[in-house]
Amino acid sequence: MLSGEAMNVTFDDKQPIFQQVAHIIEDDILNGTYREDEQILSVAQFSQLFQINPATVVKGIGLLVNEGILYKKRGLGMYVSTDAKQKIQNQRRDRFYKELLSNLLCEADKLELTTEDIINMIKQLRKE
Amino acid sequence: MSIVLSCDKLNKKYGPTYALRDLDMQLEDNVIYGLLGRNGAGKTTLLNIIAGGILADDGSIEIRGKKLGKGELPEDFCFVRENNKHFGGARVIEALQLAANFHSHWDWTFAHKLLQTFGLDPNQKIKQLSRGTESLVGIIIGLASRAALTLFDEPVLGLDVLMREKFYKELLEDYANHPRTILLSTHLIDEIVPVAERVYIMDQGSLLLHEEIHQLRMAAYLIRGNSDAVASFTEGKRVLHTESYGHGKLAAIYEMLNDRDRQQARQLDITIEHLTLQKFFSYLIEGGH
């Protein structure tokens with residue numbers, strides 16, 4: 001868990017770093033790195049691994065606690081909630097619809113692509 | 001949150017020029033700060049005054065609410081200078097021994113580990129070290145002293161990218177286990193973003209800005225589009241810098257944007273991009289006067 005690809009994460013300028021921290025943890029829940037009721041990395045481990053300020057990590061974790069994705073066991077650390085995966089998927093589907101798709105349509109309008117054009121492109125990509 | 005260090009209206013003049021002008025600064029417990037400014041902005045002067053190396057013309061410094069007397073050193077404090085000339089002909093290990101005597105929380109195990117991590121020969125003379133290796137001596141002292149208040153003046157000067165990454169990593173790991181107040185002055189602005197929690201930006205002896213880094217990054221944008229559209233979008237917003245090209249215009253702004261702003265931007269066909277801290281810094285300094 002402590003080795004490998006995680007080291008390659010770079011933080012971009014699009015979002016506050018603490019939101020990106022939350023996103024990394026969410027990704028790891030979605031891809032099964034952390035399972036239900038498993039403990040996630042400690043703040044110190046996270047801070048060292050990704051080279052970011054511990055306060056930023058705490059903020060990112062706090063975000064997920066508020067959303068019910070993580071919960072705290074006193075004196076032990078942070079754990080993944082039972083329905084965490086479902087919650088994350090619901091939230092992200094919502095964002096997929098509201099943000100990604102509306103941005104996609106915005107660009108499609110500029111390029112004068114019809115809805116049918118777009119659907120055909122998606123089908124083509126799915127085949128590849 | 002309690003205040004560790006508080007500077008109140010510090011002034012320092014060299015001849016007719018102000019090195020510091022009415023400078024106020026407050027550092028809280030257990031926060032890593034970045035101190036940014038161009039060469040000659042007054043960063044080193046400020047740090048030297050806090051460290052008691054030079055005296056301010058007026059103004060005062062308080063450590064945990066207690067006023068510092070003239071030439072008095074803050075307690076449990078470590079100042080890592082930009083250079084180690086004050087160690088004269090000493091060897092690396094002698095410099096560390098000297099520092100260990102001054103700092104009650106000094107950790108020798110950690111110091112030796114850092115010597116190894118950075119590949120430093122403890123028996124080498126400091127005078128003979130390259131610029132980068134000299135910086136490493138300061139870094140080891142700053143970290144191993146574990147002082148409640150640690151000021152680093154340009155700690156990564158002359159270090160290559162691998163050594164800088166090692167430094168940030170060691171700093172963050174040790175800080176996570178031993179929280180304390182750390183301030184780093186640096187020119188490598190974008191590198192400080194993940195490391196520090198807050199920044200102070202200085203120019204011409206004064207403080208231009210003090211902000212949490214994530215707040216700052218969430219308010220620093222580059223706006224691009226048709227001149228009229230950009231002008232109407234930026235109206236009433238804090239504009240740091242503008243540039244025109246043909247019928248188009250770029251504007252760097254410092255303003256939190258809400259959903260309505262974004263909707264307006266879409267209607268006006270304006271693109272909004274985040275500014276890196278470094279870009280923000282240069283627009284701020286250039287537009288600041």
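Tutor: Let's settle one term before we start: two residues are in contact if their C-beta atoms, placed from the backbone, lie within 7 Å. Also keep in mind that this is a predicted model.

With that in hand, look at where helix α1 of chain A meets helix α4 of chain A. On the α1(A) side you'll find A:Glu26, A:Ile29 and A:Leu30, and across from them in α4(A) sit A:Ala84, A:Lys85 and A:Ile88. Sorted by class, that contact has 4 nonpolar residues, 2 charged ones and no polar ones.

Now for the geometry. Two packed helices are described by the angle between their axes and the distance between the axes. Here α1(A) covers residues 17-30 and α4(A) covers residues 84-110; their axes come within 9 Å and cross at roughly 120°. An angle of 65 to 115 degrees would count as roughly perpendicular and one over 145 as roughly antiparallel, so α1(A) and α4(A) are oblique to each other. As for the hand, the crossing of α1(A) and α4(A) is left-handed.

Helix α1 of chain A also turns up at the contact with chain B. Chain A puts 16 residues into that contact and chain B puts in 18. On the chain A side, the elements giving two or more residues are α1, α2 (43-50) and α3 (54-66). By class, the chain A side splits into 10 nonpolar, 4 polar and 2 charged residues.

What about the partner, then? Chain B has 10 helices and 14 strands, and its C-alpha trace spans about 65 × 40 × 35 Å along its principal axes. Of its 289 residues, 41% count as buried. If you take the contacts in chain B between residues at least 6 apart in sequence, 71% of them join residues at least 24 apart.

In α8(B), residues 227-234, the buried residues are B:Ala229, B:Val230 and B:Phe233. They cover an arc of only 95° around the axis, which puts them on the same side of α8(B). What do these buried residues pack against? In chain B, they pack against β11 (220-226), β13 (248-254) and α9 (259-267). After α8(B) comes B:Gly236, which has a positive phi, near 80°.

Technical notes: Residues numbered from 1 in each chain as written. Chains lettered and ligands numbered in written order. Predicted model: local features only at pLDDT ≥ 70, side-chain atom pairs only at ≥ 80, totals over all residues. Axes fitted to C-alpha atoms, helices over the stretch in contact; angles between N-to-C directions. Helix = DSSP H or I, 4+ residues; strand = E, 2+ residues; numbered from the N terminus. Parallel < 35°, antiparallel > 145°, perpendicular 65-115°, else oblique. Left-handed = near helix turned anticlockwise from the far one by under 90°. Nonpolar A, V, L, I, M, F, W, Y, C, P; charged D, E, K, R; others polar. Buried ≥ 20, exposed ≤ 12 C-beta atoms within 10 Å, placed from the backbone. Arc of directions from axis to C-beta.
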